[in-house]
Amino acid sequence: MALYKKRILILQHSSTGVSAKLGRMARGHLEAAGHKVRVEAIRPRRPLPYLLNLIISFIPGVSLPTLELAAKLEDFDALLLIFPKWTFAHPLINDFIKNQSRRLPPTALIVTCGGWDEDRYLEGYLRKLREARVPLLGGETFRRKSVDRGLATMILRLKLRRWFS
Ligand SMILES: Cc1cc2nc3c(=O)[nH]c(=O)nc-3n(C[C@H](O)[C@H](O)[C@H](O)COP(=O)(O)O)c2cc1C
């Protein structure tokens with residue numbers, strides 16, 4: 001008999017630490033619920049300065065190459081993808097979805113943001129995954145302030161329980 005319920009991969013991109021903090025919180029909740037969890041960062045092949053990232057993120061659908069993951073997607077029962085809202089497009093997440101969507105297990109999305117137009121952004125990524133026929137568990141947005149002030153904990157726990165039980 002397995003010692004854990006599900007093998008869950010958390011993949012995150014975080015440039016100022018908000019998404020990474022949510023990733024750590026999610027790992028804690030999921031492990032406490034009996035899952036086996038691995039966390040890995042989605043990293044650019046060539047890191048760019050803030051201003052270039054900002055300019056590029058205005059181009060819908062833009063993608064920039066990411067480094068190969070150490071984790072094998074096939075080894076997991078579910079995926080939690082956490083990333084920040086970048087204007088209209090997140091080039092690293094676009095690259096990841098473009099290249100890996102056929103191999104993704106049931107997937108949930110968390111988008112962190114400053115607080116501008118996040119629902120439409122999340123919906124756009126859910127649509128992108130749906131069109132790529134990725135089995136979807138759900139999605140949620142978290143504002144930076146609510147993560148910084150610890151207000152995200154309760155909603156995060158409820159969402160994780162719904163997506164991964
Ligand atoms: C290039 C760039 C574009 C951004 N665009 C938006 C935006 O359109 N709407 C918003 O609410 N926040 C925007 N933000 C703020 C981030 O989404 C927010 O601070 C997020 O929590 C940062 O997550 P991180 O610390 O994991 O990188 C942007 C940040 C960057 C760096």
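Q: Is Trp163 buried or exposed?
A: Trp163 is buried, with a relative accessible area of 6%; buried means under 20%, exposed over 50%, and partly exposed in between, using a 1.4 Å probe and protein chains only. This is a predicted model, where local features need pLDDT of at least 70 and side-chain atom pairs count only at pLDDT 80 or more, while totals for chains, interfaces and linings use all residues. Residues are numbered from 1 along each chain as its sequence is written, and side-chain values use heavy atoms, without hydrogens or water.

Q: And Phe164, buried or exposed?
A: Phe164 is buried too, at a relative accessible area of 1%.

Q: How many aromatic pairs does the structure hold?
A: There are 5 aromatic pairs. Rings of Phe, Tyr and Trp (its six-membered ring) pair if their centres lie within 6.5 Å; planes under 30 degrees apart are stacked, over 60 edge-to-face, and the rest tilted. One of the pairs is Phe83 with Tyr125, edge-to-face, 5.1 Å centre to centre and 70 degrees between the planes.

Q: Where in the chain do Phe83 and Tyr125 sit?
A: Phe83 is in strand β3 (residues 78-84) and Tyr125 in helix α4 (residues 118-131), 42 residues apart. Helices (H or I, at least four residues) and strands (E, at least two) are DSSP runs, numbered from the N terminus.

Q: Buried or exposed, those two?
A: Both Phe83 and Tyr125 are buried.

Q: What about Trp163 and Phe164 as a pair?
A: Trp163 and Phe164 are edge-to-face, 6.3 Å centre to centre, with 85 degrees between the planes.

Q: Which residues form a cluster?
A: Phe58, Phe88 and Trp116 form one aromatic cluster.
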